[in-house]
Amino acid sequence: MIRYAIPAFAFAAALPMTAQAAEIQIAATGPVVELNVLEEVDAAPDMVTVSAGVSSEAPTAVEALRQNSRAMRAVIDRIKSLGVAERDIQTSSINLNARYDYDQQRQEQIFRGYRASNRVTVKLREIDETGEVLDALVVAGATDLNGPVFGLENDERAKVAARRAALQRAEAQAREYASLAGYSNVRLLEISESVQGRSGPQPIVVTGSRLKAMDESAPVEPGTISTGVSISVKYEMTR
């Protein structure tokens, strides 16, 4: 499915035009129509990213970090055992903080120890296995999960389709404006493009306690994600 935005347009008097990227002066002898067109193409994702975190608490900072390191090592080993390559596993954060509780009766902070946390981001290339992987991570010791975030390993093919559709629509609209203004044709003067970010289902947060309560793998529906281009074009109206 291809979506597009209704373009903004402006008619300008015949003035010398400059294609800044190529630094070439383009002369126009007729009125100029400028269009901004957005084209997005929906595509099935071929990869998914999730992150798994481990939190540990202990009376001392050293013990909290040691416990956390052992727990995270078990999670990473489990990820690798599922066939995930090392290049697709990346540590995203490590934190160590003192824990305090506020004593209402004494009206002061009471030291309770230390909390260490570690999080890794994992790229999965087999989307159908996402639910199974999430369950496996919790069993291995992950205390919270983040994701999934779906994406395309290479979205160039989808962008080519969006680019072609955007230019065709821009030319059709330029011809329509030219006809309404009493001109018979148009001449392309300038094209500029900006790439749209990929969008898709919003990430969801799944806690370990929630997954542990489930009898089956977490259901994951990849749906589709959008990718596209936005172009700005200028056409000269000709007789």
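User: Before we start, what counts as a helix or a strand here?
Analyst: Helices (H or I, at least four residues) and strands (E, at least two) are DSSP runs, numbered from the N terminus. The model is a predicted one, in which local features need pLDDT of at least 70 and side-chain atom pairs count only at pLDDT 80 or more, while totals for chains, interfaces and linings use all residues. Residues are numbered from 1 along each chain as its sequence is written, and side-chain values use heavy atoms, with hydrogens and water left out.

User: OK, where does alanine 140 sit?
Analyst: Alanine 140 belongs to helix α2, which covers residues 130-140.

User: And what does alanine 140 touch?
Analyst: Leaving aside residues up to four places away in sequence, alanine 140 is in contact (heavy atoms within 4.5 Å) with Ala71, Ala74, Val75 and Arg78. For alanine 74, the C-alpha to C-alpha distance to alanine 140 is 6.1 Å, although the two are 66 residues apart in sequence.

User: Stepping back, how many helices and strands are there in the protein?
Analyst: The protein has 4 helices and 12 strands, and among its contacts with a separation of 6 or more, 81% join residues 24 or more positions apart.

User: Switching to leucine 96, why is it called partly exposed?
Analyst: Leucine 96, a residue of strand β7 (residues 89-103), counts as partly exposed because its relative accessibility is 38%, and that class lies between buried (under 20% relative accessible area) and exposed (over 50%), using a 1.4 Å probe and protein chains only.

User: How much of the protein is buried?
Analyst: Of the 239 residues in the protein, 38% are buried.
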